[in-house]
Amino acid sequence: MPIADSVRLGEGVMIHHPQLVNLYGCSVGAGSRVGAFVEIQKNAHIGERCKISSHTFVCEGVTIEDEVFVGHGVMFINDIFPRAANEDGSAQSEADWSVVETRICARASIGSNATIMGGVTVGQNALVGAGAVVTKDVPEYAIVAGVPARIVGDVREQQKQSALETAAE
């Protein structure tokens with residue numbers, strides 16, 4: 001699995017096992033880290049100081065802003081109604097469908113094995129629980145979990161609670 005010449009890497013990008021990734025036509029911002037067995041397709045953009053954990057698939061049309069954590073085995077989807085063939089039986093090509101774009105806003109965290117459907121925006125500082133299937137937009141600071149993902153909390157409240165518990169110790 002190569003890193004194609006068409007990839008734009010920012011300063012200080014760390015790709016832990018370059019022989020075990022597949023990157024082409026994408027950009028990865030300065031200071032970001034990419035784990036083994038990650039694929040990042042053309043026209044996908046990774047911001048600065050992100051962590052893309054192993055076995056993750058970032059497809060065309062995904063924009064991940066700065067300081068985002070993406071856990072192991074996260075799958076991004078860019079085609080809401082995928083088909084292998086057209087109505088006439090001919091194999092579909094890039095000309096036969098449109099990319100549905102997805103945005104992960106700054107400082108969001110995506111838990112391991114989450115699936116992010118096309119057309120979704122995950123807001124700043126939001127937290128997507130492990131294994132969640134995100135089918136609609138996630139507000140800033142929201143904690144979502146489940147299938148389909150639903151709001152189960154607020155990151156700010158969790159941080160306050162953690163600070164209170166730490167102070168009580």
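## Salt bridges

The structure holds five salt bridges, each defined as a side-chain nitrogen of Lys or Arg within 4 Å of a carboxyl oxygen of Asp or Glu. The model is predicted: local features need pLDDT of at least 70, side-chain atom pairs count only at pLDDT 80 or more, and totals for chains, interfaces and linings use all residues. Residues are numbered from 1 along each chain as its sequence is written, and side-chain values use heavy atoms, with hydrogens and water left out.

Glu 94 lies in the loop between β12 (75-76) and β13 (102-104), and Lys 42 in the loop between β6 (39-40) and β7 (45-46), so the pair ties together parts that are 52 residues apart in sequence. Strands here are DSSP runs (E, at least two residues), numbered from the N terminus. Glu 94 is exposed, at 54% relative accessible area. Lys 42 is partly exposed, at 25%. The classes use a 1.4 Å probe and protein chains only: buried is under 20% relative accessible area, exposed is over 50%, and partly exposed is in between.

Arg 103 forms a salt bridge with Glu 65, and their closest N and O atoms are 2.9 Å apart. Arg 103 sits in strand β13 and Glu 65 in the loop between β10 (62-64) and β11 (69-70), so this pair ties together parts that are 38 residues apart in sequence. Arg 103 is partly exposed, with a relative accessible area of 34%. Glu 65 is also partly exposed, at 23%.

## A salt-bridge network

Arg 49 and Glu 48 meet through their side chains at 3.0 Å, N to O. Arg 49 is partly exposed at 43% relative accessibility. Glu 48 is partly exposed at 33%. Glu 48, Arg 49 and Glu 67 are linked in a network of salt bridges.

## Aromatic rings

The charged end of Arg 156 sits over the ring of Tyr 141, 4.2 Å from the ring centre. The rule asks for NZ of Lys or CZ of Arg within 6 Å of the ring centre and within 35 degrees of the ring normal. A search of the whole structure finds zero aromatic pairs, which would need ring centres of Phe, Tyr or Trp (its six-membered ring) within 6.5 Å.

## Nonpolar core

The largest nonpolar core has 37 residues, of which Ile 40, Ile 64, Phe 76 and Ile 116 touch the most other members. β10 and β19 (142-145) each supply at least two residues of this core. Such a core is a set of buried Ala, Val, Leu, Ile, Met, Phe, Trp, Tyr and Cys residues joined through side-chain atoms within 4.5 Å.

Key
Rings of Phe, Tyr and Trp (its six-membered ring) pair if their centres lie within 6.5 Å; planes under 30 degrees apart count as stacked, over 60 as edge-to-face and the rest as tilted. Helices (H or I, at least four residues) and strands (E, at least two) are DSSP runs, numbered from the N terminus.
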